[in-house]
Amino acid sequence: MSIAVATESQQRANTNERVLGITELPTPAELVAELPVGDAQGYRIMRARQEVRAVLSGLDERLLVIIGPCSIHDPISGLEYATRLAAAAREHEGELLVVMRSYFEKPRTTVGWKGLVNDPHLDGSHDMAAGLRAAREFMLAASNLGLPLATEFLEPLSAQYLADVISWGAIGARTTESQTHRQLVSGLSMPVGFKNGTDGSVQVAIDACQAAGAPQSFMGISDEGRTAIVQTAGNQDAHLILRGGADGPNFAAEPVAKASAAMESAGMNPRVIVDASHANSGKSHVRQGEVIAELAARIAAGDQKIAGIMAESFLVPGAQKHDPDTVAAGSDVLSGLTYGQSVTDACMGWDASAELLQTLAAAVRAAR
Ligand SMILES: O=C[C@H](O)[C@H](O)COP(=O)(O)O
Ligand SMILES: C=C(OP(=O)(O)O)C(=O)O
């Protein structure tokens, strides 16, 4: 019996039957060299990470407030928001540790625009080299305003390009159960929160915190862009974020206490972050404000289980639809969109957000 040996081109065809193109990106080292973090800026980013740790543990009695657009689709409106938030953060710095959501990668339930890193021109051209550059440029500029930054780590490779500018990270509801993301967190330098699953399961996030807290060995990339074995020490600052689920919201006192007790009995931080958006507000920006007001009342009454809250906020309230498949590549997409309004989830507008920051600061003062 003779065995047919595949030719080199046959082997390639077998592997890449559905791959339409592979385009190389700059390496992490190249992008970081082009857009470096300055010394003073690096120190501020590191100090903010320490402050976040102190708030999460309760040593620092302030409330962590992770707030900002659902996604940044236009760096100019994003920076206008950052400028306003930086001033509010300074005003409330005695009570609140404000960290700005600078989210550049969006996990989708099915399909849709996946964020500025994936598609920076919002037209389906997927120029990810420009996307990584735009994200890094934005982060450096926002961080220069004195704001610590938060992001969701979605693509396992993008962390190598952006993580040095980030003071707090999240793993989203759709990826909390993924081993790849848990491994990634085990090596990240900042505190990272895991969201409960979209079905409402808190246990997957508790398991995630445990996995991320352990040393891990996995495949990743080096700064020089080569695939590599990555060995990590484990991230002891992994914590829980409650965002509600298909089974309903979980920001009320009872589910928060239950989740906090479960974290404690697993030997981890019982203080949790509550996301006022997503399934805790049914994605309504108006309801989000009500949820924050309810949380503020509990904080004012001395609830110590809530270390922080998350909120989605932008310049203009609500959201607008944007589908990259309906625009011609290279067209001026931004001119057809409302400036300062989310193209993903609905966000609270600036005025409502500024008022809620006042309410949260007052709640922390009342609790003291
Ligand atoms: O935070 C953003 C969204 O909730 C998440 O990316 C899922 O969005 P989608 O259900 O519109 O795809
Ligand atoms: C995608 C997000 O949230 P979740 O993972 O909770 O859906 C988000 O915070 O942008």
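Before we look at the first ligand, one convention: Ala, Val, Leu, Ile, Met, Phe, Trp, Tyr, Cys and Pro count as nonpolar, Asp, Glu, Lys and Arg as charged, and the others, Gly among them, as polar. With that in hand, hello everyone, and thanks for coming. What you see above is a predicted model. The mean pLDDT of the chain is 96, with 98% of its residues at 70 or more, and the model has an ipTM of 0.98 and a pTM of 0.96.

Let's go to the ligands. Around ligand 1 you will find Cys-70, Lys-106, Pro-107, Arg-108, Thr-109, Gly-112, His-278, Thr-344 and Asp-345. Sorted by class, that shell holds two nonpolar, four polar and three charged residues.

Now ligand 2. Its surroundings are Cys-70, Tyr-103, Pro-107, Glu-152, Gly-172, Ala-173, Arg-174, Lys-195, Arg-243 and His-278.

Let me zoom out to the annotation. An unreviewed UniProt entry lists residues 54-356 as "domain: DAHP synthetase I/KDSA". In the model, that stretch is 32% helix and 16% strand, and its end C-alpha atoms sit 23 Å apart.

On to the packing. Which residues touch the most other members of the largest nonpolar core? They are Leu-64, Val-65, Val-272 and Ile-309, in a core of 90 residues. The biggest contribution to this core comes from helix α5, residues 128-144, which supplies seven residues. Take Val-65 as a close-up: leaving out residues up to four places away in sequence, Val-65 touches Leu-96, Leu-97, Val-98, Gly-308, Ile-309, Leu-357 and Leu-360.

Spanning residues 203-213, α8 has Ala-205, Ile-206, Ala-208, Cys-209, Ala-211, Ala-212 and Gly-213 as its buried residues. And what covers them? The cover includes strands β4 (168-171), β5 (192-195) and β8 (239-242), along with helices α7 (179-186) and α9 (253-265).

Gln-10 belongs to helix α1, residues 8-15. Gln-10 counts as exposed because it has 11 C-beta neighbours inside 10 Å, where the cut-off for exposed is 12 or fewer. From Gln-10 to Leu-147 is 137 residues along the chain, and their C-alpha atoms are separated by 53 Å.

The other one is Ala-40, in helix α3, residues 39-57. Ala-40 has 9 C-beta neighbours inside 10 Å, so it too counts as exposed. Ala-40 and Leu-132 are 92 residues apart in sequence, with 23 Å between their C-alpha atoms.

Last stop, for those of you who like backbone torsions. Most residues other than glycine have a negative phi. His-126, in the loop between β2 (96-101) and α5, has a positive phi near 50°. Is His-126 buried or partly exposed? It is partly exposed, because 17 other C-beta atoms lie within 10 Å.

Lys-283 also has a positive phi, about 60°, without being a glycine. You will find Lys-283 in the loop between β9 (272-275) and α10 (285-300). With 16 C-beta neighbours inside 10 Å, Lys-283 is likewise partly exposed.

That's my tour, so over to you for questions.

Note on methods:
Residues numbered from 1 in each chain as written. Chains lettered and ligands numbered in written order. Predicted model: local features only at pLDDT ≥ 70, side-chain atom pairs only at ≥ 80, totals over all residues. Near = placed C-beta within 6 Å. pLDDT = per-residue confidence, 0-100. Helix = DSSP H or I, 4+ residues; strand = E, 2+ residues; numbered from the N terminus. Buried ≥ 20, exposed ≤ 12 C-beta atoms within 10 Å, placed from the backbone. Core = buried A, V, L, I, M, F, W, Y, C linked by C-beta atoms within 7 Å. Contact = placed C-beta atoms within 7 Å. UniProt positions renumbered as here; feature names shortened; annotations may be inferred.
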